[in-house]
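Please open the structure in your viewer and keep the selection panel at hand.

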2 protein chains.
Amino acid sequence: MTDRARRPGGRSATVRRRVLDATLAQLVQHGYDSLSIDVVAERSGVHRTTVYRRWRDVGGLLADVLNEAADDAWLPPDTGTLEGDLVAVNREICTALTDEPVTVALIAASFRSGQAAEALRAFWTERYDRCAGLVRRAVERGEIPAGTDAYRLLIAATAPLYHELVLLRSAADARLPEIAARGAATAARAGAFTTR
Amino acid sequence: MTDRARRPGGRSATVRRRVLDATLAQLVQHGYDSLSIDVVAERSGVHRTTVYRRWRDVGGLLADVLNEAADDAWLPPDTGTLEGDLVAVNREICTALTDEPVTVALIAASFRSGQAAEALRAFWTERYDRCAGLVRRAVERGEIPAGTDAYRLLIAATAPLYHELVLLRSAADARLPEIAARGAATAARAGAFTTR
DNA sequence: ATACTACTGCTACAACTGTAGCTTTAATGA
DNA sequence: TCATTAAAGCTACAGTTGTAGCAGTAGTAT
């Protein structure tokens, strides 16, 4: 890991690039079930044993893909109201869960790979941290009481989406983002997420 | 499946019993990662090929275990208030997710096995259906407006638990059931889950 | 009793997964 | 340019997973 930084254009770096590209391409084209070290190795032209050594399993591959993708400048939207912000965030989550295969694949992999579980946890923690500003703005506007626990509120707003789309696998209802956001915003206004 | 009913004490039935017992025992003792057709076959004394034929994969085994377990007389608690009922339900979910290995194992398996996914979906649908009575009582008491969508309310109350304990794998906070239930109940009282 | 049917047991095999040990190659630094 | 070193490539192998085809056996019906 540290060596890749020391030799940015070196062989290790190109190998990593080829392998991660192959992983994502395979995932997009043939789905999570088709992902295996052997397939990715073949597709990338990198030898099996090399992939096994550096990434250990499919979860490791996906974790690396996610770590790279997480390294962006994403910030939660600012629509002017708490509920509007939450709806916007939920719409993005909805898209990620229905259109992007990486997210669901990583959730699946997280049950079989410690690396994937850790990468996913880190990713979500970071995103929820960035969303804390959204809650702060709502407090400053006086929409919700000071002392509102940002994390609890954000979980309440987003968890129903994961529950329905990932665990229950219900048909994706387009109103889901609004309903979940409205519920959480309503509860927050009534002070249900204040810590003290 | 239908034949097992026709020959209740027959060889097929005893084979099924031995295999399901072995599956559950293995799961409890050594965890989900240790579950494989071969291990279960060895442990049950039933031949590998038989288990492969009848259950196909680990997801099939777990699905059968769950189907059997789901066939009980469970009813949601009646504490006299909506929030009390939701807290009680959440406490049960919390126990199931932290103490009982079957639930989490089935969630994990549901990403790799259609049978497991379907069994889980059916299980949850049934439980949410049974919980609808809890919402109806709250409406009759005048706690929440008529027209409240029971399913949405129940999802809002329970989803944060699954999100934190299964997906985020945060440390189990004992206050989680209360917080999630309070949020959903508060939103419901304010009419956030009414359909019309 | 006996034939019939459904299911289990058995053997063998093919494919996939993961690792060990060694050789070769490429990047680095003197 | 050349020695050093880290990482990639290669071969071979062991273990696991899943399947096909056939033989044997328990339950059912006449």
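The tour begins with the domains and their contact, and then turns to one helix.

This is a predicted model, in which local features need pLDDT of at least 70 and side-chain atom pairs count only at pLDDT 80 or more, while totals for chains, interfaces and linings use all residues. Residues are numbered from 1 along each chain as its sequence is written, chains are lettered from A and ligands numbered from 1 in the order in which they are written, and side-chain values use heavy atoms, with hydrogens and water left out.

Colour chain A by its two domains, domain 1 (2–55) and domain 2 (73–189), whose bounds come from an automatic or database domain assignment. Their centres, taken over C-alpha atoms, are separated by 30 Å. Five residues from domain 1 of chain A and six residues from domain 2 of chain A take part in the contact (heavy atoms within 4.5 Å). The area buried between these domains is about 440 Å², with carbon and sulfur atoms giving 75%; buried area is the accessible area (1.4 Å probe) that two parts lose on being put together, summed over both.

Next, select L27(A), Y32(A) and W55(A), which lose the most area on the domain 1 side, together 79% of what that side buries.

Now move to helix α9 of chain A, residues 150–167, where helices are DSSP runs (H or I, at least four residues) numbered from the N terminus. Of the 18 residues of α9(A), 16 are buried, so the helix is largely enclosed by the rest of the structure (buried means under 20% relative accessible area, 1.4 Å probe, protein chains only).

Finally, select R169(A), which follows α9(A) and has a positive phi, near 50°.

Methods
Helices (H or I, at least four residues) and strands (E, at least two) are DSSP runs, numbered from the N terminus. The expected span of a helix is 1.5 Å times one less than its number of residues. Buried means under 20% relative accessible area, exposed over 50%, partly exposed in between (1.4 Å probe, protein chains only).
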